[in-house]
Amino acid sequence: MPTLVEIAHEHGNTDERELAHLGALVSEWGMLADFCFADMLLYLPTKDNQWMVAAQVRAATGQTLYETDMVGLTADSAELAMIAQAFTTQKVVTGEIRVVSQIETVSLMAIPVRCDERVVAVLTRAWSRRSGRKPGQLERTYLTIFDDFTKMISTGLFPFEGRVADATVAPRVGDGVIVLDADARVRYASPNAVSAMHRVGVNTNAVGQSLAELGVAQTAARNAFERREPVVEEFEQTAEVTLLTRTIPTLKRLGRGVVVTGGVVLLRDVSELRRRDRLLLTKDATIREIHHRVKNNLQTISSLLRLQARRLKSEEAISAIAESVRRIRTIALVHETLSHEAGEDISFVEIVRPLLRLVEEGLQSTDRPVKFNVQGDGGRLPATIATPLSVVILELLQNAVDHGFPEGSAGGSVLVTLSHDDKSLEIRVTDNGRGLRSDFDIKAATGLGLSIVRTLVTTELAGTIQMRPALVDDSVGELKIATDGAGTVVELKIPFTGE
Ligand SMILES: Nc1ncnc2c1ncn2[C@@H]1O[C@H](COP(=O)(O)OP(=O)(O)OP(=O)(O)O)[C@@H](O)[C@H]1O
Ligand SMILES: [Mg+2]
C-alpha cells in the first residue's frame, strides 16, 4: 500500500513543509474520526486534475462505511464536485453522495486543509444516518468539538506545528474526554472521564467547575491554554492512581490574532501500566542484586582457597587449587556482568571480552606473549548457557596458552570468533601455536580441561565439539596461520533449545 509521502511525491505538488503539515494531521486524525463517529479520507490534488485518496482512517466510536481500502483510488464525480468546491472556496462543504457498499445515500463533509496561505488537501468525513449512533449528549458534544477542529483545519490552525502525539500510550477519545470552555471550566465529561475522576476521589458533578477546583490536570490545562498547543502530562493523582492527560486547546482566528475558545482533555488511567512498569523495575533490580551477591560469594570462596593454598607444600596441590580459583573467578565474572545488565539475558561478547583480559593478565608468561582477540557477536544468552560456556572458553584459552605456546615458543595469537542465528551459537577458538600432536584424539583425551569442556558442551548444553589442525585458510586479521597444521581450531556448536 502506498504511503501518504509516496502518493504526494508521485502525484501531487506539495512541498516538504506542506507534506509535514499533512503528516501531522494524519498522525492526529484518529481523534478527529472518533469525535465525529465517521470515516475520514485525505484527498490530494493530482497533476492530472484528479483527487486521490492519500490516507484513510476509521472511527473507533462508529461503524465504517468503507469496507475496502480506499488509499490510491481517485474521487468519483459526486465527491469530486464537493471536494473541488471546498478547495476553491476554502470553506467546509456538506452534501449527499452515493457509496458503492451503501444502499442509501451517504452524507459527506469536505474540509479544506490549509497550510499557511494555501489549501493543500481536502479532508472528507462520510457518514450515514442509518449506521450512525443515536444522538445523546455525548454525541452532540463530540460533534461540536469536531466542528471546532474542522474550522481549525480550514484556517490552518490544526494540526499543531511540531506536536506529534506518542501513539502508543497517548489517551484516545474512548479513554475519557473532558471538554473545557474558554475559562477552562468543565463543560462536559464523558462517562469514562467521570469514572476516572471517581477513582481519584472527585465525586461531585464536574460540570461548571474548573479543573483547579476539581484538583485534576489543572497545570496541563493552564499550560495548553497559555501556549496554545497540546500538552501531555502524567499525574500521580493518588498513591494508586496515575492519569495520563493530553490537553488540546481549540483555537479561533480573530482579526490578525488567535484566541483560545476552549479545549479538550483526553485522559487515560495508566495506573495499571505504571504499576507493571514499577514492578518490572524492581524485579530487574532484584535480579541484578542477586547476581552481585553471587559474585561476591564466589570471590570469597576463591580468596579462601587461595589462603588454603598458601599452607600447602605440594606443587601439584598448589597448582590444582590455583586452577580452581581461576575457574571460580570466571563464573564470578559472568555474575559480575549480569549484575550490570537489565533483564535476565546477557550479551555474550560482554562476557568473552573480560574473560580474554583475565587470561591475558593471569595465564600467560611474559617470555612468550600471546595476543587475544574476539570477533563477531554471540547474541544474548540466558545465564544458564552463558555460565557453563564461559568456563568452557576459559579451558580452551588456557589450553591454547599451555599447549599451543609451550616454554621455548615465541608466542602468537588466539582468536575467539562468535556467530549465531536463531537456532544455534557457534564459538571458534583458533590459535597459531604448535598444533595438536599427531596422535591426538579428543575422545581419548583424559585431561581435566577437555573433560570439563566435553561434559558442559555435550551433556549439559547438547552441543558438539570439534578439534582440528588450523589451516592457512583459517587466518583472520592479526591471526596468521603460516603453514597448514601450525595451530589448533576448536569449534563448538550450541543449539538453543526453546525452553
Ligand atoms: N590449543 C591446543 N594446542 C595443542 N594441543 C592442545 C590444545 N588444546 C588441547 N591440546 C591437547 O589436548 C590435551 C588435553 O587437554 P586438557 O585441557 O584436557 O588437559 P591439560 O590441558 O593437559 O590439563 P588441564 O587442562 O587439566 O590442566 C593436551 O594435553 C594437549 O595435548
Ligand atoms: Mg587444559
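Phenylalanine 37 is placed in the loop that runs between α2 and β1 (39–45). In this predicted model, the phi angle of phenylalanine 37 is near 55°, a positive value in a residue other than glycine. Because 22 C-beta neighbours fall inside 10 Å, where 20 or more are required, phenylalanine 37 counts as buried. A positive phi, near 60°, is also found for glutamine 90, which belongs to the loop between α3 (77–89) and β3 (93–97). Glutamine 90, with 13 other C-beta atoms within 10 Å, is partly exposed. A further backbone feature is the cis peptide bond joining phenylalanine 158 and proline 159, for which omega is about 0°; proline 159 lies in the loop between α4 and β6 (177–181). Most residues other than glycine have a negative phi, and most peptide bonds are trans.

As a whole, the chain contains twelve helices and 17 strands. Its radius of gyration is 35 Å, well over the 23 Å that the globule rule gives for 499 residues, and the chain is therefore more spread out than a compact globule. Along the principal axes, the C-alpha atoms fill a box of roughly 100 × 60 × 45 Å. Of the 499 residues, 37% are buried, and among contacts with a separation of 6 or more, 64% are accounted for by residues 24 or more positions apart.

The chain is divided into domain 1 (4–154), domain 2 (173–269), domain 3 (272–343) and domain 4 (348–499). Between domain 1 and domain 2, the C-alpha centres lie 27 Å apart, and the contact takes twelve residues from domain 1 and ten residues from domain 2. On the side of domain 1 that touches domain 2, the elements giving two or more residues are α2 (16–36) and α4 (137–154), of which α4 gives the most, with seven residues. That side of domain 1 comprises seven nonpolar, two polar and three charged residues.

Helix α9 (residues 315–338) packs against helix α10 (residues 349–362) at an angle of about 145°, the two axes being 10 Å apart, and α9 passes α10 in a right-handed crossing. The contact is formed by Arg326, Arg329, Thr330, Leu333, Val334 and Thr337 on the α9 side, and by Glu350, Ile351, Pro354, Leu355, Leu358 and Gly362 on the α10 side. By class, the residues of this contact of α9 with α10 divide into six nonpolar, three polar and three charged.

Definitions and conventions. Residues numbered from 1 in each chain as written. Chains lettered and ligands numbered in written order. Predicted model: local features only at pLDDT ≥ 70, side-chain atom pairs only at ≥ 80, totals over all residues. Axes fitted to C-alpha atoms, helices over the stretch in contact; angles between N-to-C directions. Helix = DSSP H or I, 4+ residues; strand = E, 2+ residues; numbered from the N terminus. Left-handed = near helix turned anticlockwise from the far one by under 90°. Contact = placed C-beta atoms within 7 Å. Nonpolar A, V, L, I, M, F, W, Y, C, P; charged D, E, K, R; others polar. Domains from an automatic or database assignment. Rg over C-alpha atoms; globule rule 2.2 N^0.38 Å. Buried ≥ 20, exposed ≤ 12 C-beta atoms within 10 Å, placed from the backbone.
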